[in-house]
Amino acid sequence: MVSTLLLWSHAIAALLFGGLAFRTLRNAEPGGPRRPLAAALALTAFWALAVAGLGMTDAGTRLAEALRNLAWIGFMIALQRNDRNARPPVALGTVYGVVVLVALASLVADLGGGTRSG
């Protein structure tokens, strides 16, 4: 029962995020970084599809999860840089850099045979 719910909920989420990614790319309204948002939405759809098809513990799912996280971080950086009048604080760049390093280290640990709790 739970596995069926997991499968269908992630499959529907993949479909919806994929639709949002497509709509974001097709939207002609100016403003905002559309391509980074569409990439983050598409990678979220890919991750949800991987969870539905492969399960939470598969290496492909963990790779998709890391790519999804990095895409959302990239979108946040693009949002910050979109405002050309405001200069972002140095601490913000440091935080983004540390988060990217942690995400990459987690991916290497997961794919390198490390165990993952949760």
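**Entry 1: terms and model**

I take helices and strands as DSSP runs (H or I, at least four residues, for a helix; E, at least two, for a strand), numbered from the N terminus. The model is predicted, so I note that local features need pLDDT of at least 70 and side-chain atom pairs count only at pLDDT 80 or more, while totals for chains, interfaces and linings use all residues. Residues are numbered from 1 along each chain as its sequence is written, and side-chain values use heavy atoms, with hydrogens and water left out.

**Entry 2: overall**

I looked up the secondary structure and found 4 helices and 0 strands in the protein. The pattern along the sequence reads α-α-α-α. The C-alpha trace spans about 50 × 35 × 20 Å along its principal axes.

I then looked up burial. Buried means under 20% relative accessible area, exposed means over 50%, and partly exposed is in between (1.4 Å probe, protein chains only). Of the 118 residues, 25% count as buried.

For contacts I use heavy atoms within 4.5 Å. Among contacts between residues at least 6 apart in sequence, 60% join residues at least 24 apart.

Helix H1 covers residues 2-26; its 25 residues should span 36 Å at 1.5 Å a residue, and its end C-alpha atoms are 36 Å apart, which agrees. The expected span is 1.5 Å times one less than the number of residues.

Which residues of H1 are buried? I list His-10, Ala-14, Ala-21 and Thr-24. H2 is among what covers the buried residues of H1.

H1 and H2 pack at an angle of about 160°, and their axes are 8 Å apart. Axes here are lines fitted to C-alpha atoms, for helices over the stretch in contact, and angles run from 0 to 180 degrees between N-to-C directions. H1 and H2 are therefore roughly antiparallel to each other. The cut-offs I use are under 35 degrees for roughly parallel, over 145 for roughly antiparallel, 65 to 115 for roughly perpendicular, and oblique for the rest.

H1 passes H2 in a left-handed crossing. A crossing is left-handed if the near helix is turned anticlockwise from the far one by less than a right angle, and right-handed if clockwise.

I also checked Arg-26, which is found in H1. Arg-26 has a relative accessible area of 62% and is therefore exposed. Arg-26 and Ala-66 are 40 residues apart in sequence, and their C-alpha atoms are 26 Å apart in space.

Helix H2 (residues 34-54) packs with H3 at an angle of about 160°, the axes being 8 Å apart. H2 and H3 are therefore roughly antiparallel to each other. The crossing of H2 past H3 is left-handed.

The residues of H2 that meet H3 include Leu-37, Leu-41, Phe-46, Trp-47 and Val-51. On the H3 side, the residues that meet H2 include Ala-64, Leu-67, Trp-72 and Phe-75.

I picked Ala-50, which is in H2. Is Ala-50 buried or exposed? Its relative accessible area is 8%, so Ala-50 is buried. Apart from neighbours within four places in sequence, Ala-50 is in contact with Gly-55, Thr-61 and Ala-64. Thr-61 is 11 residues from Ala-50 in sequence and 5.2 Å away in space, C-alpha to C-alpha.

Helix H4 (residues 90-111) has 22 residues and reaches 32 Å from its first C-alpha to its last, close to the 32 Å expected at 1.5 Å a residue. Tyr-96, Ala-103, Leu-107 and Asp-110 are the buried residues of H4. They cover an arc of only 70° around the axis, which puts them on the same side of H4. The arc is that of the directions from the helix axis to the C-beta atoms. On the other side of H4, I find Val-90, Ala-91, Leu-101, Val-102 and Val-108 exposed.

The cover over the buried residues of H4 includes helix H3 (59-82). H3 and H4 pack at an angle of about 170°, with axes 10 Å apart. H3 and H4 are therefore roughly antiparallel to each other. Among the residues of H3 that meet H4 are Leu-63, Ala-66, Ile-77 and Gln-80. Those of H4 that meet H3 include Tyr-96, Ala-103, Leu-107 and Asp-110.

Last, I looked at Val-100, also in H4. Val-100 counts as partly exposed because its relative accessibility is 25%. Which residues is Val-100 in contact with, leaving aside neighbours within four places in sequence? I find Leu-70 and Ile-73. Gly-74 is 26 residues from Val-100 in sequence and 9.4 Å from Val-100 in space, C-alpha to C-alpha.
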